[in-house]
Amino acid sequence: MNKYYITSDKIGEFVAKMYAAGIEVSVDPSAQQVTIKKPEGGYEWVHIFSKTSFDELCSTFIPNEEK
């Protein structure tokens, strides 16, 4: 199974695109994931990460004075 990820700021846009394509999705904030019902059957899950995760990751390795 593939692993998919999305940042929290893109969930609305993602759901809108899936809706326009006729693809059923559900968002579960408590599990931090989006579930997609695939048209051919079965499901895929997309893990949701905070938008700030990228900045936080970079700041872990780059000292403040170099930003």
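Contact here means heavy atoms within 4.5 Å. This is a predicted model, in which local features need pLDDT of at least 70, side-chain atom pairs count only at pLDDT 80 or more, and totals for chains, interfaces and linings use all residues. Residues are numbered from 1 along each chain as its sequence is written, and side-chain values use heavy atoms, without hydrogens and water.

T35 sits in strand β3, residues 33-37 (strands are DSSP E runs of at least two residues, helices H or I runs of at least four, numbered from the N terminus). The T35 side chain makes a polar contact with the side chain of W45, at 3.3 Å (a pair of N or O atoms within 3.5 Å, one able to donate a hydrogen and the other to accept it; residues adjacent in sequence count only through side-chain atoms on both sides). Q32 lies in the loop between β2 (25-28) and β3. Its phi is near 50°, positive in a residue other than glycine.

| Residue | In contact with |
|---|---|
| T35 | E24, V25, S26, Y43, E44, W45 |
| I48 | I6, S8, I11, V27, Q32, Q33, V34 |

**Core**

The largest nonpolar core has 6 residues: I6, I11, V34, I36, V46 and I48. Strands β3 and β4 (43-49) each supply at least two residues of this core. Such a core joins buried Ala, Val, Leu, Ile, Met, Phe, Trp, Tyr and Cys residues through side-chain atoms within 4.5 Å.

T35 is buried, because its relative accessible area is 16%. I62, in the segment after α2 (53-61), is partly exposed at 33%. Buried means under 20%, exposed over 50%, partly exposed in between, with a 1.4 Å probe and protein chains only.

Conventions:
Lists of a residue's contacts leave out its neighbours within four places in sequence.
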